[in-house]
Amino acid sequence: MGNAQKKFPSKGDGYKSENKDTRKTKDPSENSKKGFPEKKKPNILQECENDTNGYLSRGSNSSENREEKPKVAESSSAGVSRPTLLPPIAATLKAEGNELFKNGQFGEATLKYSDAIDNAISSEDLCILYSNRAACYLKEGNCSDCIQDCNSALELHPYSLKPLLRRAMAYESIERYRQAYVDYKTLLQIDSGIQVANDSVNRITRTLIDQDGPDWREKLPPIPVVPVSAQLHWWDGENFTSEAKQKKTSAKQSTKEIFKILKKQGNEFVKKGNTEGALKKYSECIKLNPQELTIYTNRALCYLKLSQFEEAKKDCDYVLQTDGCNIKALYRRALAFKGLEVRTGSSMPVDI
């Protein structure tokens, strides 16, 4: 712990980089504090303000860089192009969300990012959008939803720095110190120069010693070992490092991955009652992989909900030509036959 503090002499408590005259104007009680948890804990969301909106501090010039580069949400860096499959409507929604975030309108920004997520396809773009929305939730003190969005982002890119940092801050804010410690330590495996992570590890270590005693390490969840490849080619939620970027820019996202994302979005739309949105997603899935039978039965359910019984029957027929014992196809075709006979639009069960 002592080495970590010595390694970053210009950071830490925030006042060390100021000159002596400036320090004299401060409350003397503030200067007497030496970085104990009582001082640091109220500043977690302030650290989020500085470090989580698109810039991860490194080195002695980080405070200056924060002022010059206040990235509120991930987007392509100036002069650096990144291949993306973000559709125009999603790109517009993302840009609007970024502007709202910059203006402190976090609730409105959340809605924009949510709409952008519904229209995005690429895993990289989805990771950024989930991370951006997580930043909004963190600003509003909604740590539960922040953690959930960070989990979604990390499922797509397990070693993305910004979702890891935001999740760690959210855990610390709700006093889940062990989980926060694990995330901060994971971050430092990827990039040991992230100042806020170094400061937080030192702070939380003292808290865990007070809370759990000398055996505090035994009560920690397992700290994942970050692969060397991830340490060399980490992705911060916006760009890859130079070595990895050369590989990623020439590679296109696989059809299989896009198919999986579209199917998941369709299923979520069904659960939320957005039948037309789900129908669109399933139709896009079929264009990518017409051999996947489950998509036809899923789309048949949407057609049934929309009282489009003939279309539902056709999708079920297609499945049954290949799999004559498919239970969902048989059941939904029977419902389609019934609908064609009596022309009712009764609601159907959600059973994807």
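**View 1. The end of helix α11 and the residue that follows.** Just past α11, E175 adopts a positive phi of about 65°. As you look around, keep in mind that this is a predicted model.

**View 2. Helix α11 from end to end.** This helix covers residues 161–173. How far apart are the end C-alpha atoms of α11? They are 18 Å apart, and this agrees with expectation because 13 residues at 1.5 Å a residue should span 18 Å.

View 3. Is α11 mostly covered or mostly uncovered? It is mostly covered, with twelve of its 13 residues buried. Among the buried residues you can find L161, L164, L165 and Y171, along with the charged residues K162, R167 and E172.

**View 4. Helix α9 beside helix α11.** A pair of packed helices is described by the angle between their axes and the distance between the axes. Here α9 (residues 123–140) and α11 pack at about 25°, with axes 10 Å apart. The angle is under 35 degrees, so α9 counts as roughly parallel to α11. Their crossing is left-handed. On the α9 side, the contact is made by C127, S131, N132, A135 and L138, and α11 contributes K162, P163, R166, M169 and A170. Sorted by class, the residues in this contact are six nonpolar, two polar and two charged.

**View 5. A95 in helix α7.** Now move to α7, which runs over residues 88–102 and includes A95. Its relative accessible area is 46%, so A95 is partly exposed. A95 and Y113 are 18 residues apart in sequence, and their C-alpha atoms are 9.1 Å apart in space.

How values were computed. Residues numbered from 1 in each chain as written. Predicted model: local features only at pLDDT ≥ 70, side-chain atom pairs only at ≥ 80, totals over all residues. Heavy atoms only, no water. Helix = DSSP H or I, 4+ residues; strand = E, 2+ residues; numbered from the N terminus. Expected span 1.5 Å × (residues − 1). Buried < 20%, exposed > 50% of the residue type's maximum accessible area, 1.4 Å probe, protein only. Axes fitted to C-alpha atoms, helices over the stretch in contact; angles between N-to-C directions. Parallel < 35°, antiparallel > 145°, perpendicular 65-115°, else oblique. Left-handed = near helix turned anticlockwise from the far one by under 90°. Contact = heavy atoms within 4.5 Å.
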